[in-house]
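Subject: Structure handover

Hi,

Here is the structure I promised you. Please open it next to this note and follow along. My findings come after it.

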Amino acid sequence: MEKMRFAVITKEKNAEIHERTIPELKDDEVLIKIEACNICTTDYEFWSGRRKNQPTPMAGGHENSGIIVKKGKAVSDYFSIGDRVGIMLTESCGVCPDCRKGNDYACRYKGETFKESDDGYFGFFGFSTYKTAKSEFLFKFTSDIPADEAGFIEPLSTAIRSIKIGDIKPEENVVIIGGGTMGLLNAQVARAYGARVIISELFESKVEVAKELGFTEFLNPKSETFKEDLKEILKDGRVNAIIICVGSGAANEQALSIAELDTRLLYFAAEYPPSEIKIDTNTLHYKRYKLIGVVGSDRSDFQEAAEMLDNGHVKVDKLIEKRFKLDEIQDAFKLASTPGTFRVSVHTWE
Ligand SMILES: [Zn+2]
Ligand SMILES: [Zn+2]
């Protein structure tokens with residue numbers, strides 16, 4: 001029986017490589033040779049101890065892609081051996097009213113996020129050499145996109161959901177707070193949907209990457225004239241939407257300070273520990289602010305994400321900070337936990 005190798009967080013600041021027999025393939029499943037898995041904030045903040053919301057041993061990682069190497073009998077002809085696929089994170093049931101209406105994230109019958117496997121592990125087995133998955137949760141790439149870039153399908157799908165929930169329309173003015181990985185994914189999707197995008201970012205290295213992606217309008221969050229700087233850019237235009245892509249009380253406060261009549265404020269980032277937003281109800285009433293929470297994505301978002309990556313409407317090559325081998329998982333988590341870094345990618349077969 002062939003084995004799979006995978007990274008497991010056993011305790012704070014400790015990840016190790018374990019081995020197990022590959023689970024037997026069910027009729028509706030495929031076996032995927034995972035090639036790359038990028039480290040999400042969820043992963044490295046659990047590794048570093050900042051978040052304590054996961055059980056151990058945690059075989060995590062979910063921003064991955066791979067090649068189909070085996071197909072169960074009941075898998076659609078749409079998928080072939082050799083296809084590169086990304087994998088949906090939420091295992092929604094597909095048949096309940098929420099799922100049927102396209103709201104997978106709301107599914108009450110979805111698989112547990114941290115389900116325990118028969119051999120006692122939790123998690124999605126992303127940092128892994130192989131993974132079995134139900135074909136209904138797979139999304140096929142049609143271009144020859146590299147594995148680590150294809151791994152962006154999951155975070156990109158959440159940015160697509162964000163732009164849809166935020167109802168971003170052509171020629172609207174959208175301020176992105178935070179030009180890190182998630183900020184620049186939101187920025188690119190907002191632009192693809194026709195919006196004008198202004199990015200607020202402190203790190204010069206991130207601003208440089210944003211410029212390489214074609215963005216031209218920036219704010220410095222530390223500027224004493226932050227509000228005036230924005231007015232200068234917008235002239236008579238309004239702030240239609242603000243997407244807060246950093247988990248920080250200061251960022252939330254700054255976002256509120258630039259909101260005006262009818263502004264939609266999208267809270268995209270989780271924050272550990274969370275801060276509180278202070279706003280009086282009259283301001284909310286008279287200014288008609290819309291405070292919108294954003295998390296997760298549905299299968300339509302995943303499909304769109306695959307196509308945006310295939311078509312190059314969203315570019316992610318510059319959002320990869322560094323690549324590591326599976327055996328270097330500790331170094332990978334260490335770098336990912338360093339402020340100012342983009343996505344760290346783990347190449348599981350190198
Ligand atoms: Zn993620
Ligand atoms: Zn469902």
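Which residue is the bridge partner of valine 174 in β11? It is alanine 241. Bear in mind throughout that this is a predicted model.

**The sheet**

That pair belongs to the contact between β8 (residues 173-177) and β11 (residues 241-244), which run parallel and share four bridges. Helix α7 (residues 226-234) packs on the sheet. It touches β8, β9 (196-200) and β10, and its direction makes about 160° with that of β9. Another bridge links valine 175 to isoleucine 242 of β11.

On its other pairing, β11 meets β12 (residues 264-267), again in the parallel sense and over four bridges. Here alanine 241 stands opposite arginine 264 of β12. How does the chain get from β11 to β12, and what is the hand of the crossover? The path goes through helix α8 (residues 249-258), and this β-α-β crossover is right-handed.

Look at the side chains of β11 too. Ala241 and Ile243 point one way, while Ile242 and Ile244 point the other way. All of them are buried.

Now the whole sheet. It is open, has six strands and pairs in parallel, in the order β10-β9-β8-β11-β12-β13. The edges are β10 (218-219) and β13 (290-293). Each has a single partner strand, so one side of each is left without a neighbour in the sheet.

**The zinc site**

Which protein residues donate to the zinc ion (ligand 1)? They are Cys40 through SG, His62 through NE2 and Glu63 through OE. These donors lie 2.1 to 2.5 Å from the ion. Their spacing in sequence is C-x21-H-E. Cysteine 40 sits in the loop between β3 (29-38) and α1 (41-48), and histidine 62 in the loop between α1 and β4 (63-71). The pair therefore ties together parts that are 22 residues apart in sequence.

Are cysteine 40 and histidine 62 buried or exposed? Both are buried. The relative accessible area of cysteine 40 is 9%, and buried means under 20%, so cysteine 40 qualifies.

How many disulfides does a search of the whole structure find? The count is zero. As a reminder, a disulfide is a covalent bond between the sulfur atoms of two cysteines.

Best wishes

How values were computed. Residues numbered from 1 in each chain as written. Chains lettered and ligands numbered in written order. Predicted model: local features only at pLDDT ≥ 70, side-chain atom pairs only at ≥ 80, totals over all residues. Heavy atoms only, no water. Disulfide = S-S within 2.5 Å. Buried < 20%, exposed > 50% of the residue type's maximum accessible area, 1.4 Å probe, protein only. Donors = N, O, S within 2.8 Å, 3.2 Å for Na, K, Ca; no water. Helix = DSSP H or I, 4+ residues; strand = E, 2+ residues; numbered from the N terminus. Pairing = 2+ DSSP bridges. Contact = heavy atoms within 4.5 Å. Axes fitted to C-alpha atoms, helices over the stretch in contact; angles between N-to-C directions. Right-handed = clockwise from strand over helix to strand, strands pointing away.
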